[in-house]
Amino acid sequence: RCMGWSGVGLFLSLGVTLAWLRWNHIGLHWGMAFMAVVVLMTVGLMRMVAEGGVYWFQIHTGPFHLVNVAGGAKAVSGAVIAPLMLIYSVLFLDIKTFLAPSAVNAFKMQDESRAARGRFHLAVALAGVATVAVSCVTVLYMVHLHGANGGQSWFYSSGPQYIITQTQRLASGTLGSGGDLNWLFYAIGGLWVLLSVFLRRHFFWWLHPIGFCMMANGLMPALWFSFFLGWVCKKITVGYGGRHMFAMVRPLFVGMILGELLAALGWSLTAQVLGLQNVAIDINRVQP
């Protein structure tokens, strides 16, 4: 079956990325291996969003974890690891930059609203472009106004320093791999998830494997109770009112999410206009 324009766009994007990596002196085989792991991980996380809803991701695995398990600089030269590590950190490290899984929610909205596919996807793409443009201008303005050291530490100081330090350690082979048996733990985890998928398809009562995957999310200790409350509310609503009641109360919960975002935006703008200092008003309140 033809993949259509989406397939053409996928392969075109992969080709451009590989060409850019090659232009930066990354061997084609290393670039293809890097992209294969990233694409596989992206598809897996998109499936997790489709199965379980919106998640707040912190990825505790990836191509560089696998390199570290295989021996770090002994398996792959530092000249290859260093530039790829920086590219990966910009596009995939932070939970707010991993866009592909979040895009699944847009497709769900299009399916439920029965909106025209082409125009809806165009609106999503334009929204992404507008968001990037506004964010870049806003960040540059705030940095020039207050200085990078006056901004949020993770994004402006400690985060970039951490990435550079970890890249240097991984490229030089001084980053610990967690033990010689670390590869065995990866294998056991992968086999257990595959077994869980098989059992889930044959026995409805078997636990969903998405739960085991999300155990790797470092934010889960702080978020599990929120997910539990959401599940309880949905269970009660569907159990006593059916799908029609679920459709009626869903805007209330969506409004709670939008209300939090608007409150953070509104009070942040208020603090900026009034010149208030050291006012932390955002949605980054989760401390795992």
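Predicted model: local features only at pLDDT ≥ 70, side-chain atom pairs only at ≥ 80, totals over all residues.
1. Overall make-up. Of the 288 residues, 20% are buried. Among contacts between residues at least 6 apart in sequence, 61% join residues at least 24 apart. The exposed surface comes to about 20,400 Å², and carbon and sulfur atoms supply 71% of that area.

2. Helix 6. This helix covers residues 117–146 and has 30 residues. Its end C-alpha atoms are 43 Å apart, which agrees with the 44 Å that it should span at 1.5 Å a residue. G147 follows helix 6 and has a positive phi, near 90°.

3. Helix 11, span and kink. Residues 220–274 form helix 11, with 55 residues in the run. A straight helix would reach 81 Å at 1.5 Å a residue, but the end C-alpha atoms of helix 11 are only 36 Å apart. Helix 11 also has a kink of about 130°, centred on G241.

4. Helix 11, burial and end. Buried residues in helix 11 are M220, L223, T237, A264 and A271. Just after helix 11 comes G275, with a positive phi of about 75°.

5. S157. Where does S157 lie? It is in the loop between helix 7 (153–156) and helix 8 (158–172). Its relative accessible area is 18%, and S157 therefore counts as buried, the limit being under 20%. Leaving aside neighbours within four places in sequence, S157 is in contact with N149 and Q152.

6. Cysteines. How many disulfides are there? The count comes to 0, with a pair of cysteine sulfur atoms within 2.5 Å as the criterion. C136 has 43% relative accessibility and so counts as partly exposed. C233 is also partly exposed, because its relative accessibility is 32%.

7. Aromatic rings. The count of aromatic pairs comes to 5. Ring pairs link W192, F203, W205 and W206 into a cluster. In general, a pair of aromatic rings is described by the distance of the centres and the angle of the planes.

Conventions:
Residues numbered from 1 in each chain as written. Heavy atoms only, no water. Helix = DSSP H or I, 4+ residues; strand = E, 2+ residues; numbered from the N terminus. Expected span 1.5 Å × (residues − 1). Bend = angle between axes of the 7 residues up to and from the residue. Buried < 20%, exposed > 50% of the residue type's maximum accessible area, 1.4 Å probe, protein only. Contact = heavy atoms within 4.5 Å. Phe/Tyr/Trp six-rings, centres within 6.5 Å; stacked < 30°, edge-to-face > 60°. Areas by Shrake-Rupley, 256 points an atom, 1.4 Å probe, with all protein chains shown as cover.
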